[in-house]
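Here are my notes on the ligand site, with a few words on aromatic pairs at the end. Have a look at the structure first, then read on.

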Amino acid sequence: MDCLFCKIIKGEIPSTKVYEDEYCYAFRDIAPQAKCHVVLVSKKHVKNIREAAELSAEERSAMVLAVGKIAALENLDDGFRIVSNCGKHGCQSVEHWHIHILGGEQLSEKMA
Ligand code: AMP
């Protein structure tokens with residue numbers, strides 16, 4: 001399968017790793033939209049959050065728990081935002097489920 005994030009997980013495309021465990025991998029976004037912009041991906045390929053039902057309970061909960069771990073690693077003590085773009089209206093550009101973690105500065109109140 002020709003998936004950019006699968007290649008990043010396998011190390012075939014370089015990335016700046018922020019966090020990794022058995023089920024997820026997180027790296028710095030190549031085009032950051034905040035001072036801190038981390039992309040958290042599920043190691044198992046599923047297209048987006050609507051397909052998260054195809055993951056095991058362990059794989060799903062690892063993604064949620066990783067958010068808190070990354071926030072601690074990145075010292076996002078004043079808060080942060082998570083975004084998971086889905087499909088055309090959500091402007092999802094990479095079809096491999098991922099969660100953006102944005103912070104490190106005051107974010108805009110507007111979300112869309
Ligand atoms: P989305 O538009 O929600 O699908 O998010 C995909 C994200 O992947 C975008 O924010 C891109 O900037 C980011 N991205 C694309 N290619 C790379 C890469 N090689 N390394 C790091 N981030 C990337």
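1. Start with H100: an N or O atom in its side chain is 2.8 Å from an oxygen atom of the ligand. Keep in mind throughout that this is a predicted model.

2. N85 has a polar side-chain atom 2.8 Å from an oxygen atom of the ligand. For D29, a polar side-chain atom lies 2.5 Å from a ligand oxygen.

3. How much of the ligand's accessible area does the protein cover? On its own the ligand has 500 Å² of it, and the protein covers 84% of that. As for location, the ligand sits in the largest pocket.

4. Now the shell as a whole. The ligand is surrounded by 15 residues, and the closest are D29, N85, S93, H98 and H100. By type, the shell residues split into 8 nonpolar, 5 polar and 2 charged. So much for the ligand site.

5. Last item, the aromatics. Searching the whole structure turns up 2 aromatic pairs. One of them is F5 with F27, an edge-to-face pair with 5.4 Å from centre to centre and 70° between the planes.

Definitions and conventions: Residues numbered from 1 in each chain as written. Predicted model: local features only at pLDDT ≥ 70, side-chain atom pairs only at ≥ 80, totals over all residues. Heavy atoms only, no water. Near = heavy atom within 4 Å. Polar contact = N/O pair within 3.5 Å; in protein donor to acceptor, adjacent residues only side chain to side chain. Areas by Shrake-Rupley, 256 points an atom, 1.4 Å probe, with all protein chains shown as cover. 1 Å grid on protein atoms, 1.4 Å probe; cavity = no way out; pocket = protein on both sides within 12 Å on 5 of 7 lines; lining within 4 Å. Sits in = over half its atoms within 2 Å of the grid points. Nonpolar A, V, L, I, M, F, W, Y, C, P; charged D, E, K, R; others polar. Phe/Tyr/Trp six-rings, centres within 6.5 Å; stacked < 30°, edge-to-face > 60°.
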